Amino acid sequence: MELKDLYEGFRNPQTIKSFASEIAKEAKNLKEPLRVMEVCGGHTHTIMKYGLLQILPDNIKFVHGPGCPVCIMPKERIDHAISLAKMDNTILCTLGDMIRVPGSKSSLAKERANGADIRALYSPLDVIKIAEENSDKSIVFFAIGFETTTPMTAAVIDYVVKNKISNVFFHINHVLVPPAVRAIMNPGKAKINAFIGPSHVSVITGSKIYEPLSNEYKTPIVVSGFEPVDVMEAILLLVKQKNAGKAEVEIEYKRSVTRDGNIKAQELIEKHLEVREHFRWRGIGDIPQSALKLKDEYSHLDAEVQFRDKLSNEEIDDHKQCICGTILQGLAYPQDCKVFAKVCTPNNPLGSCMVSDEGACNAYYRYGSIENE
Amino acid sequence: MPTIDMGALKMNSVQLSQGGGASESNALVNDLFYKYFSNDILLKSEDAAVLQVNKNIAFTTDSYTVNPIFFKGGDIGKISIAGTTNDLAMMGAKPLYLSCGFIIEEGFAYDDLEKIVKSMADELKSSGAKIVCGDTKVVPRGAVDKIFINTSGIGEIKAQNISSHNLNEGDAILVSRDIGAHGATILSQREELSIKSDLQSDCASLWSVVEKVLESKITPSAMRDATRGGMAAVLNEWAETSNICIELQEDAIPVQNEVKGICEIFGFEPTDFANEGTFVLSVKKSDAKRTLEILKEYSQNAAIIGKVTKKRVGKVIVNTAYGSSRYLDMPKGELLPRIC
């Protein structure tokens, strides 16, 4: 079997068209427009890349959610990464796009150019190899991501603990989906009446984490895969639930997601990490119990504890012109921002939503303006 | 004065003294470069090569660094010849003469250098171009990463007015083979990824196929090898400089399954990946079919992928098979894998 056999059917033009016409038929019966928040940046990317908005009826709108781990990282945490990277004899490791995100004065990419040893990893497990090859240096893993990437960080912690590796430290920035959804729904301004639930997050957590949300806000939630056919099917399921007056959690992404999720991964996370009292989200502000940290018994591995004197906790807000925060809360679209695509571009991002491929501004910049012109 | 054991110089690695112009460097020149690049002009060993060119010529230069230096389907030597001769070919110029400068890190394996030089000599045969002058510097460890090569080249213009400014509404856009093979190969061979794959770089000289196109009395309005920045960068530059819109049909763009697979895993786009032996052409609509037939003699994966319109001037649009469309943007400077 080839990889394409796994996804080709989920990009089949005929199937996408059939869903489009089925949705158009069902959507005629909607009592109010459907304002769907796709929580995860991966879905934002799919919707924009495949131009799905163009083949959906006018009474279905997407509101782009906060589910891009790079986009929600506040500047002070990026400054932490920069301070850690600038320490003597230190290698800072992190994932992908994090390298480009601007902090208050600099970015990891700029510091790398200035000589800091900063590595963009393909897999968090590379940390171990780097630590073994550089036993005279401190390796700091700046861990980011939602529930999807947390198990891999937990696996690295597990290995470091078991093998008593003494030169690896962790700066944990793992965040959680349900508290973020509450932070957006509670003020009541975003007027969201349906959710597309994240793909990869749900593989780990299971769909059960959304059940309280669906009950509290009387809102249907469909956990969807990342392919265009997945998203189209999820929309159809949401419209059908709305028309039937239901508000349930449904799984469209059945090939990978169960109600209970990956129990082993969940256990590994619980073994090493615990919920943090407070975490400030870029643009949204403090959301209580919305992120994880190392358990106290591992404080000798915790970069935030071990290098406390190098890290400032002053809160730093975004550029005044940047409205990433409002966009992340579903209250505005990228093109509502005065600096969008003018001063702020993927090569010169003012705000984090322009940095990551999963950020709403980036996706609109790359693919989106066709429907906006 | 110390005596120099010439036999020992041929041993394992390149020494600092071999870039110094003294007898040690002569050994490198005679035993390696003259042996493989041998031709009348080079062997004259003058301060500069004397060339007889009476026609309009094209002139280009490029420097080559690649990691790893040996990869499936090529090496830094092959790229340094194919890359520069391809730049000439894309202007409709037959590659004639090349210069070649090596900057080598002290301690670089002699056998590897010989492999690279041999590979360059082999690749020169494809276009018939000659290396007529050159230079070698050996620098201390750490001053370069293993080996850098610069080649400059001149070629005789065989077709006029091929330019990125020349695209016209109605032109057809073609690509000479499937895209992204080089970028995907290099990525898959990065040590830290440990991917097993049969992918090969597309690295190749393009003059022979270009010559065939030109001999068939087809004059492309523009041609460009889609190197760094991939096809996305070429088409965006064309759209901007020619003040037109390029519309692509997504399902017509040829991409190998393995390249698609690597893109799926890491969140990349084949249109952003570098190519080293793949070019994009714009030809009159009436020439499109004939051009495709010629391209197909060299690669079955050649395809007509789009057309020039006025829909959104300065932009490249990808139309999907299910009725939506999106812009194809310029790729970002550094390709980083997605997070989840």
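Two strands count as paired if DSSP finds at least two bridges between them. The exercises below apply this rule and related ones to a predicted model.

**Exercise 1.** Determine which residue of β2(A) stands opposite A:Val36, and describe the sheet that holds β2(A).

*Solution.* 
1. Strand β1 of chain A covers residues 34–40 and pairs with β2(A) in the parallel sense over six bridges.
2. Within β2(A), the residue opposite A:Val36 is A:Phe62.
3. The strand order β2-β1-β7-β8-β9 of chain A describes an open sheet of five strands with parallel pairing.
4. β2 (60–67) and β9 (249–251) of chain A are the edge strands, each pairing on one side only.
5. From one strand to the next, the twist averages 25°.

**Exercise 2.** Identify the strands touched by α11(A) and state the angle between its direction and that of β1(A).

*Solution.* 
1. Helix α11(A) packs on the sheet and touches β1, β2, β7 (194–197), β8 (221–223) and β9 of chain A.
2. The direction of α11(A) makes about 135° with that of β1(A).

**Exercise 3.** Compare the radius of gyration of chain A with the value for a compact globule.

*Solution.* 
1. A compact globule with 373 residues would have a radius of gyration near 21 Å.
2. Chain A has 21 Å, which agrees.
3. The C-alpha trace of chain A spans about 65 × 45 × 45 Å along its principal axes.
4. Of the residues of chain A, 53% count as buried.
5. Chain A contains 15 helices and 11 strands.

**Exercise 4.** Describe the side of chain A that touches chain B.

*Solution.* 
1. The contact takes 37 residues from chain A and 22 residues from chain B.
2. Elements giving two or more residues to this side of chain A include α1 (3–7), α2 (13–27) and β5 (138–145) of chain A.
3. The most is given by α15(A), with four residues.
4. The residues of this side divide into 18 nonpolar, 10 polar and nine charged.

How values were computed:
Residues are numbered from 1 along each chain as its sequence is written. Chains are lettered from A and ligands numbered from 1 in the order in which they are written. This is a predicted model: local features need pLDDT of at least 70, side-chain atom pairs count only at pLDDT 80 or more; totals for chains, interfaces and linings use all residues. The radius of gyration is taken over C-alpha atoms; the globule rule is 2.2 Å times the number of residues to the power 0.38. A residue is buried if 20 or more other C-beta atoms lie within 10 Å of its own, exposed if 12 or fewer, and partly exposed in between; C-beta atoms are placed from the backbone. Axes are lines fitted to C-alpha atoms, for helices over the stretch in contact, and angles run from 0 to 180 degrees between N-to-C directions. Two residues are in contact if their C-beta atoms, placed from the backbone, lie within 7 Å. Ala, Val, Leu, Ile, Met, Phe, Trp, Tyr, Cys and Pro count as nonpolar, Asp, Glu, Lys and Arg as charged, and the others, Gly among them, as polar.
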